Amino acid sequence: MSATIKHIDIKGVQIPVIFEEQKALPILNLQLVFQNSGYIQDKNKSGLVNLSSKLLNEGTKELGATKFAEKLEENAISLATSNGFETFVIELSNLKEQSKKGIELLTALLKSPNYSQDTLNKLKTMQIGSLKRKENDFDYVSNNQLKSILFKGTSLENPASGTIESISNIELKDIENFITQTVCLENLIIVAGGDYELKEFEKLVKPFLETLNVGKKVELEKVNFTSKKEETILIKDTQQAYIYFGSSFNIDSKDEENYKAKVASFILGGSGFGSRLMEEIRVKRGLAYSAYGSISINKSHSYFNGYLQTKNETSDEAKKLVGEIIEDFVKNGVTQDELSAAKNFLTGSEPLRNETLSQRLSRAFTLYYRGLEPDYSKKELEKIQTLELTDLNNYIKSHSEINNLTFSIVRK
């Protein structure tokens, strides 16, 4: 089976529904994806969206967190809210026989979230405690430091979890305003699957959808940035150096040549052993246990990023080597052996990326969200299989902006 895309008319709004019927298990999996509503919407209140998602996991105002959780557990229902950079997601999953109860609890939750000062105080205390513990998580520190430099002045500059100061300043009305503006029909994409026919599913969810406000569609903000050759070093009492790096990679999520970026990313740093970064840094020189790099393609932004850990005394050598590897990669491209190995892996592992219902739904959503055709993945694979070495190397050479590496280093 594969997912289909339909629309449900609710209050004059055409709600996209990405749906796959699967009779193998008597279950329902429903995701309400509110687009353009992740922590890209934090603005000057870093951590607001993350804290808002946590509040929706605290049950209703009437029942509170504990009693609401008990009702979910009694009926083997999972109901959770999460967020990414661009999306705010509420996910419900249960056995088919409990679907009506699941929808009832979802409706109750969104009708009356646990907007209480005590709940907010508890969440803020927990979040601040978590942030204080992360002060000694140097991977976290170095990665956030990189983003603050690389994406300075954009929505990606601040950490998704916020800072101790920003979390302290978030008020209950901030969360109420965000959830009210976000959880609405105009922002909604439904992703669902299970032991249902589409008409049966529509009948189940329509009464719930009628309870949502129409709202106003949130437009996606493009994250525009240009990386520079620079580094920031933070001195900490650590046994090793944590090196994170990133740069611009100027492509759009709908670019027809993105399959070339996928192959290039795999060869440069995404394939583990066998990748350029791993071979040169670990295998040949023993400077790190692991070294990774990948090209991240999103609707709002795309960029190259990577990381490694090394001894404090070899951090300068490792950092220099990263720059040399990437410079050589852009200048001279890849070999035929590297391209052949990448083709074999990417085409051979394709079935593993479509084994489960959740994998197929996730892919179908991603393609729809980025404005790509449902059969894009199949066409992409065909293009990868016929990709010529010269074409790939010309593509790599055309993206010299990847050489403008920004480094974030935490070391002793």
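Which residue forms a salt bridge with Lys-262? The partner is Glu-380, and the closest N and O atoms of the two are 3.1 Å apart. This is a predicted model, in which local features need pLDDT of at least 70 and side-chain atom pairs count only at pLDDT 80 or more, while totals for chains, interfaces and linings use all residues. Residues are numbered from 1 along each chain as its sequence is written, and side-chain values use heavy atoms, with hydrogens and water left out.

**Salt bridges**

- The structure holds 19 salt bridges, each being a side-chain nitrogen of Lys or Arg within 4 Å of a carboxyl oxygen of Asp or Glu.
- Lys-262 sits in helix α9 and Glu-380 in helix α14, 118 residues apart; helices (H or I, at least four residues) and strands (E, at least two) are DSSP runs numbered from the N terminus.
- Lys-262 is partly exposed at 28% relative accessible area, whereas Glu-380 is buried at 10%; buried means under 20%, exposed over 50%, and partly exposed in between, with a 1.4 Å probe and protein chains only.
- Arg-360 pairs with Glu-20, with 2.8 Å between their closest N and O atoms.
- That pair links distant parts of the chain, as Arg-360 belongs to helix α13 and Glu-20 to strand β2 (residues 13-21), 340 residues apart.
- Arg-360 is buried at 15% relative accessible area, and Glu-20 is buried too, at 1%.
- Glu-200 and Lys-96 meet in another salt bridge, 3.3 Å from N to O.
- Glu-200 lies in helix α8 (residues 198-209) and Lys-96 in the loop between β5 and α3 (99-111), so their pairing ties together parts 104 residues apart in sequence.
- Both count as partly exposed, Glu-200 at 33% and Lys-96 at 24%.

**The largest pocket**

- The largest pocket holds about 1000 Å³ of space, a volume being the space filled by probe spheres set on grid points joined across faces, edges and corners.
- A pocket is an open set of points on a 1 Å grid over the protein atoms alone, where a 1.4 Å probe fits, with protein on both sides within 12 Å along at least five of seven lines; lining residues have an atom within 4 Å of a point.
- Of its 40 lining residues, the closest to the centre are Ile-297, Asn-298, Ser-362, Thr-366 and Arg-370.
- Helix α13 gives the largest share of the lining, 9 residues.
- Elements that each supply at least two lining residues include β3 (27-35), β9 (291-297) and α14 (376-385).
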